[in-house]
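This report goes through one protein chain and describes how some of its residues are placed. The sequence and structure come first, and the text follows.

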Amino acid sequence: MESGILALPMPTEIPLGLAVRRGFLGRCPSCGKTRLFMSYLKQVQSCAVCGAQFGRIRADDAAPWATIIVVGHVFLPLIFFVSLETIMPFWAGVFAWAALYTGLSLALLPRAKGFFIALLWVTR
């Protein structure tokens with residue numbers, strides 16, 4: 001600590017693509033052996049196997065942003081191209097689309113958070 005900067009231990013040399021893939025799958029970006037989350041979106045403080053620290057990494061706003069971008073800008077235009085009125089009433093189609101996008105958002109949100117946690121962990 002010569003210049004007053006706190007020296008953090010650097011992660012081992014893990015390729016960015018591998019670490020991000022592990023994070024996206026909800027695994028430790030360093031070793032890939034343990035879970036990254038205690039519950040739906042609550043990350044673990046540290047990996048039980050390799051000791052990598054995740055408690056200070058904050059990826060709180062990035063995951064919802066990425067989820068909104070993907071669901072709202074990539075999948076939402078499907079509503080305009082797929083007509084469900086030929087196989088079901090309008091009100092049932094509205095509920096079907098709402099259920100689809102709710103499920104897609106709930107499935108993508110923890111994966112996006114794992115992606116950003118891994119990205120921030122590797123790049124410090």
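At 25% relative accessibility, Leu119 counts as partly exposed (buried means under 20% relative accessible area, exposed over 50%, and partly exposed in between, with a 1.4 Å probe and protein chains only). This is a predicted model, in which local features need pLDDT of at least 70 and side-chain atom pairs count only at pLDDT 80 or more, while totals for chains, interfaces and linings use all residues. Residues are numbered from 1 along each chain as its sequence is written, and side-chain values use heavy atoms, with hydrogens and water left out.

Leu119 sits in helix α4 (helices are DSSP runs of H or I with at least four residues, strands are runs of E with at least two, and both are numbered from the N terminus). Leaving aside neighbours within four places in sequence, Leu119 is in contact with Leu16 and Val20 (contact means heavy atoms within 4.5 Å). Between Leu119 and Lys33 there are 86 residues in sequence and 17 Å in space, C-alpha to C-alpha.

## Nonpolar cores and a surface patch

In soluble globular proteins, nonpolar side chains tend to be buried together. A nonpolar core is a set of buried Ala, Val, Leu, Ile, Met, Phe, Trp, Tyr and Cys residues joined through side-chain atoms within 4.5 Å. The largest core here has 20 residues, and Cys28, Cys47, Ala52, Phe54, Ile117 and Trp121 touch the most other members. Two or more residues of this core come from each of α2 and α4 (90-123), and α4 gives the most, with 6 residues. A second, separate core of 5 residues includes Val71, Leu84, Tyr101 and Leu108.

A nonpolar surface patch of about 770 Å² is made by Val74, Phe75, Leu76, Leu78, Ile79, Phe80, Phe81 and Val82. Patches are made of residues with over 30% relative accessible area and no salt bridge, where like charges are joined within 9 Å and nonpolar side chains (Val, Leu, Ile, Met, Phe, Trp, Tyr) within 5 Å. Accessible areas come from the Shrake-Rupley method with a 1.4 Å probe, and for residues only the protein chains shown count as cover. The helices α2 (62-75) and α3 (78-81) each supply at least two residues of the patch, and α3 gives the most, with 4 residues. Leu76 lies in the loop between α2 and α3.

## Cysteines and a salt bridge

A disulfide is a pair of cysteine sulfur atoms within 2.5 Å, and by this rule the count is 0. Cys28 is in no disulfide, as the nearest cysteine sulfur, that of Cys47, is 3.6 Å away. For Cys31 the closest cysteine sulfur is also in Cys47, at 3.6 Å, too far for a bond.

The whole structure holds 1 salt bridge (a side-chain nitrogen of Lys or Arg within 4 Å of a carboxyl oxygen of Asp or Glu). Lys113 forms a salt bridge with Asp60, with the closest N and O atoms 3.8 Å apart. Lys113 lies in helix α4 and Asp60 in the loop between α1 (16-24) and α2, so the pair ties together parts that are 53 residues apart in sequence.

The table gives the accessibility of several residues.

| Residue | Relative accessibility | Class |
|---|---|---|
| Cys28 | 1% | buried |
| Cys31 | 17% | buried |
| Lys113 | 9% | buried |
| Asp60 | 46% | partly exposed |
| Leu76 | 34% | partly exposed |
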